[in-house]
Every structure is written in structure tokens, then in C-alpha cells.
Amino acid sequence: MTSNTMAQNRSMPREPSTPGREQPQRNQQIYHHWFSLWASRHLQSCVLSIGRMSRKPFASIMTIAVIGVSLALPMLLFILLQNVQSIGDGWSNSTQISLYLKKSTSPEQVQAFVTQLKNNSDIADVTYVSPEQGLQQFEENAGFNDLLKALPDNPLPPVLVVKPTLGAQTPEAMESLLAKLQNGANVDLAQLDMQWVKRLYALLDLVSHFVWALGILLGIGVLLVVGNTIRLATENHKDEISVIKLVGATNSFVRRPFLYSGFFMGLFGGIFAWLVVSMILFWLSGPVNQLAQLYNSQFHLTGIEIGSILLLLAIGGLLGLLGSFIAVGRHLNVLEA
Amino acid sequence: MIRFEAVSKSYGNGYDALSNVSFHLAKGEMAFLTGHSGAGKSTLLNLVALIERPSKGKIIVDGQSLGKAPSRRIPYLRRHVGIIFQNPRLLNDCTVYDNVALPLVIAGYRPQEIGRRVRAALDKVGLLRKEKEFPFHLSGGEQQRVGIARAVVNKPPLLVADEPTGNLDPGLSAEIMSLFEQFNQVGVSVLIATHDLALIGRMHHRILTLHKGRLVSAGVRFADDE
């Protein structure tokens with residue numbers, strides 16, 4: 001028997017050849033058999049890899065825990081970052097625009113302007129601070145009493161404090177609202193103190209970059225941990241691998257259980273990370289709520305969303321698979337002529 | 001079944017494990033390969049099993065030229081040859097049954113077919129009742145018979161054995177050799193490397209003798225090998 005016919009027999013065992021008319025049906029049978037063969041091999045490897053891991057529970061749990069911690073750290077930072085960003089969004093609600101009107105503006109004109117502003121759909125509220133009130137506030141807050149008394153008359157203009165609606169509080173919308181107000185007939189100066197909001201966003205952006213860098217580093221760490229574990233496993237199974245290859249196993253047959261092991265280590269590591277992050281968030285939620293209450297805030301720590309959990313598990317599994325693929329490749333060529 | 005044409009195998013250091021070896025093992029023939037240790041017996045069998053490749057010459061096993069076979073074809077070629085070692089090389093964390101089933105699992109047989117064939121192979125080597133045992137519970141002779149069952153389970157047309165009786169006492173060795181003869185009687189070609197001249201002298205089969213990598217005697221073929 002030539003090995004060619006042997007190879008065919010593998011995918012199509014012991015069926016007498018049928019003439020042309022029944023070919024499509026036979027092909028279907030072949031595919032069906034081929035698929036069930038493929039599926040059963042994967043099932044075998046899958047069971048084998050879990051069996052191997054369960055035979056060394058301590059070592060397996062250690063590896064899974066290392067992967068879990070490596071995945072949990074960036075995950076936790078991401079979630080905390082998201083929460084801080086949501087606080088930042090809340091804070092920017094207090095953003096307001098000060099309109100310094102021309103000193104020549106009469107009270108009637110001011111009233112008309114206030115009404116006009118209140119009709120603007122981007123503006124939630126307008127407060128009028130007259131020059132007298134402004135002077136009073138200035139005296140109370142700044143302690144410039146003597147200096148102000150030395151001035152012949154009140155140097156302060158009438159001021160309107162404009163609060164934008166929530167929808168208009170993105171940095172872009174604020175800039176355009178500001179430009180529009182600046183062009184108002186009685187407006188001397190429209191001033192927006194967005195600097196600190198911008199700084200906060202810049203800072204959060206920096207932290208987010210840092211978290212990404214950390215996440216990538218720890219991801220590489222997971223890759224190496226899985227790779228090293230699988231490398232040790234292939235060393236331990238060297239004799240077994242050579243026996244299996246001697247009785248005719250292909251490289252993919254040898255590789256498959258190791259790939260499954262790597263995948264499961266990564267996946268279980270991801271589950272471990274999920275549990276750790278959930279526990280830490282639960283532990284943090286008490287103090288966070290207490291702090292929020294002291295600030296009269298409705299803020300609550302947001303947990304992990306289902307999408308993030310799935311992403312975490314997928315990243316774990318993929319890193320495990322990749323790590324084992326890299327590690328096992330080098331050890332397959334024992335007994336290669 | 002096996003044809004060597006002017007085969008040489010040298011390792012980088014200028015040492016020739018085999019030089020210019022030619023012989024032919026016919027289909028259904030049984031032969032012994034003998035020689036002092038280091039004469040090249042194992043190298044010759046390694047070439048047949050595609051564990052090593054020849055430096056020069058041509059090897060044809062079961063109608064297939066091995067020299068040109070690409071690496072990815074090696075697993076499929078190996079499935080035509082049952083290989084037996086001095087140390088039976090069993091998987092110690094698997095039962096006797098699983099050890100014997102291994103080649104069939106690799107080749108993708110259906111479970112029912114595997115069960116049928118494994119039991120038939122174990123029956124032939126007289127270990128049917130030990131299928132659930134682990135290898136370390138078995139004696140040396142029994143372990144070797146498990147190795148033989150594994151080699152024959154997918155009915156290869158050729159069996160090669162490297163010192164299969166090297167670790168066994170004379171009584172067990174004779175038993176193992178008679179097992180090989182039984183397989184030979186149903187048409188399997190057999191090539192056994194051994195230095196147990198006393199044992200093989202009593203058996204009527206061709207003896208190939210290697211000396212320092214050269215084939216010094218291709219032996220005489222006995223009529224009952226045909």
C-alpha cells in the first residue's frame with residue numbers, strides 16, 4: 001500500500017468506491033467524517049490538556065494566579081480611570097461663562113439681554129451681578145478695601161454669569177458658545193475658565209496612556225509566563241512526544257494539547273482576574289460611597305461591564321494560545337530527520 | 001519491502017556510521033541484523049524509521065523512497081512501520097490499553113474500531129487480561145509485549161525492532177522472538193537488530209552482519225522465508 005492511499009484511508013476509511021453518480025453524496029459523507037474526525041481530535045486534545053493540568057493542581061493554580069494578577073492590575077486601573085473620567089465629566093457641569101458687559105450698558109439693556117440669553121437653547125441659567133454687588137463681593141473676598149476706597153468711582157462693569165446646559169458642556173460646544181457670546185452687542189469680554197477642565201482631561205489622557213503601557217507590558221508578561229510553563233511542559237513530556245511521533249503523530253497532533261493548555265491557562269487566568277477585580281471593587285465601593293456622601297455627590301463606583309469581562313477573557317485566552325504556540329514550536333522537531 | 005542502495009550515513013565529525021550499505025529485504029521476509037555494538041545497527045534502523053536521513057544512497061521502504069520524502073510526510077510514512085525498542089518506551093501514565101491504542105488514535109480510527117483492534121493485538125501477545133494495568137505494574141517481558149502490540153496494532157506491513165530482547169532473560173527472549181515469527185507467518189516483514197547470536201542461530205532466518213558500518217555478510221535466505 002502506498003502512503004498516498006493510506007493518507008486517503010485516513011479521511012475515508014474502508015468504504016468501497018462508488019461510481020460517479022453518487023459522488024456528491026459520498027463527498028458529503030467524506031466531509032462529514034472528516035469534520036467529525038477533526039472535532040473528535042480537538043475534543044481529545046482538550047480533555048487531555050485539562051487532564052494534564054488537573055494532575056498538577058498546585059502548579060496549574062500558581063500559573064493561573066500569576067496570569068490572573070497580571071491581567072487584574074491593568075483591568076483594575078482601567079476601571080478606576082473610567083470612574084475618574086466620569087467624575088471629571090460631572091465636575092465640568094459647574095463650568096460657567098462670565099460676560100463682562102460694557103460699562104455704558106443701561107439696566108434696561110441688561111434685562112433685555114438676560115431675556116435673550118435665557119431663550120438660547122444652549123443656556124440653562126443666567127445670573128446678573130450688578131457693579132455694586134461685584135464691588136461688594138470684591139471687598140469681601142479680596143480684602144482690597146483701602147485700595148478700592150481710593151478709587152473715585154466703581155470701576156467694575158455689570159457681569160452676567162451664564163451656565164450652559166449639560167448638552168453644551170463638551171469642550172467644543174463651549175468654545176463655540178463662547179465665540180457667539182463674545183460677539184454680543186453689549187459684551188466687552190466673555191471669559192471661560194476651562195483651563196482646569198482641560199488640564200484634568202490632559203492628566204487623565206496621560207494616566208490612560210500609562211495604563212495602556214502597563215497593560216501591554218503585563219500582557220507580554222502573561223505571554224512569557226504561559227510560554228515558559230508550556231516550554232517546561234514540553235521538556236517534561238519530551239519522551240512522550242518522541243514516542244507519539246515515532247508511532248506516526250503529525251506535528252499538529254503533538255502541538256494541539258499544548259495549545260489547549262495555554263488557552264485554558266489564559267482563560268482561567270482571565271476568570272481569576274475578573275474575580276480579583278470584582279472583589280477589589282466591592283471592597284472599595286464602601287469607602288467611595290462614604291466619600292461621595294461627604295461631598296453630597298450621587299457618585300457610585302461603576303463595576304465591570306459584561307463587554308469588558310468578555311474582552312478580558314478573550315485577551316487571556318489569546319495570550320495563552322499565542323504564548324504556547326511560540327513555546328511549543330521549538331520543541332516539535334525532536335526526531336525530525 | 002526494504003531496499004538499501006549504496007547507503008552511507010556520516011556525522012559531521014568524519015565518522016561514518018554506515019558506509020555503502022546495500023541489501024534487500026523481500027516482502028514477507030524475516031531477517032536479523034547483527035554486529036558488535038557501534039557497528040551501525042541502530043543507525044540502519046533509524047534510517048528505516050525516518051529518525052535519521054541518509055547522507056548518501058537510496059532507501060526504499062514499502063515502495064516509497066525515503067530520501068526525498070518531505071518532512072511533513074514523515075508521520076504518514078512512519079505509520080507503515082511498526083517500531084520496537086530495547087526499552088519498550090511506553091507512556092507510563094497511560095494504561096496498557098491506551099498505550100496500544102495510541103497509533104490508532106493518532107491515525108484517527110473510530111472508537112469501536114480502536115477497541116476491536118487493541119483487544120486483538122493484546123490477545124496476540126497474551127496480555128488481554130492486563131489492559132487496565134499501568135506499565136510499571138508489568139514485568140519487563142510483559143512491557144516489551146505491550147510495545148509489540150502497539151507496533152502491530154495498525155497492521156503495518158513491516159516491523160523493525162532494535163534489540164527487543166536486550167533486557168530480557170533467555171527464556172523470555174525466545175518467547176518474544178517466537179512472537180515475531182508468528183507475525184512473520186501472517187505475512188509481515190520483520191527486521192530485528194540483535195547481538196544475541198546464540199538465540200538467532202537456532203532460528204532459520206537470514207542474518208545480516210554489520211562491521212564498522214559496512215555490511216560484511218548479507219546472509220543466506222532460507223526457503224521458508226518465501
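**View 1. A buried lysine, B:Lys41, and its partner.** B:Lys41 is buried, with a relative accessible area of 6%. Buried means under 20% relative accessible area, exposed over 50%, and partly exposed in between (1.4 Å probe, protein chains only). B:Lys41 forms a salt bridge with B:Glu163; their closest N and O atoms are 3.8 Å apart. A salt bridge here is a side-chain nitrogen of Lys or Arg within 4 Å of a carboxyl oxygen of Asp or Glu. The pair links distant parts of the chain, 122 residues apart. B:Lys41 lies in helix 1 (residues 41-48) of chain B, and B:Glu163 in the loop between strand 7 (158-162) and helix 6 (170-185). Helices (H or I, at least four residues) and strands (E, at least two) are DSSP runs, numbered from the N terminus. B:Glu163 is also buried, at 8% relative accessible area.

The model is predicted: local features need pLDDT of at least 70, side-chain atom pairs count only at pLDDT 80 or more, and totals for chains, interfaces and linings use all residues. Residues are numbered from 1 along each chain as its sequence is written, chains are lettered from A and ligands numbered from 1 in the order in which they are written, and side-chain values use heavy atoms, with hydrogens and water left out.

**View 2. The salt bridge of B:Glu29 and B:Arg206.** The closest N and O atoms of this pair are 2.6 Å apart. B:Glu29 sits in the loop between strand 2 (16-25) and strand 3 (30-34) of chain B. B:Arg206 sits in strand 9 (residues 206-211) of chain B, 177 residues apart from B:Glu29. B:Glu29 counts as buried because its relative accessibility is 1%. B:Arg206, at 6%, counts as buried too.

**View 3. The salt bridge of B:Arg119 and B:Glu131.** These side chains meet at 3.0 Å, N to O. B:Arg119 belongs to helix 4 (residues 111-124) of chain B; B:Glu131 belongs to the loop between helix 4 and helix 5 (140-152), 12 residues apart. B:Arg119 is partly exposed at 38% relative accessibility, whereas B:Glu131 is buried at 12%. Elsewhere, salt bridges that share partners join B:Glu113, B:Arg116 and B:Arg117 into one network.

**View 4. Chain B as the setting.** Chain B holds seven helices and 10 strands. Of its 226 residues, 56% count as buried. Among contacts (heavy atoms within 4.5 Å) with a separation of 6 or more in chain B, 67% come from residues 24 or more positions apart. The whole structure has six salt bridges over all chains.
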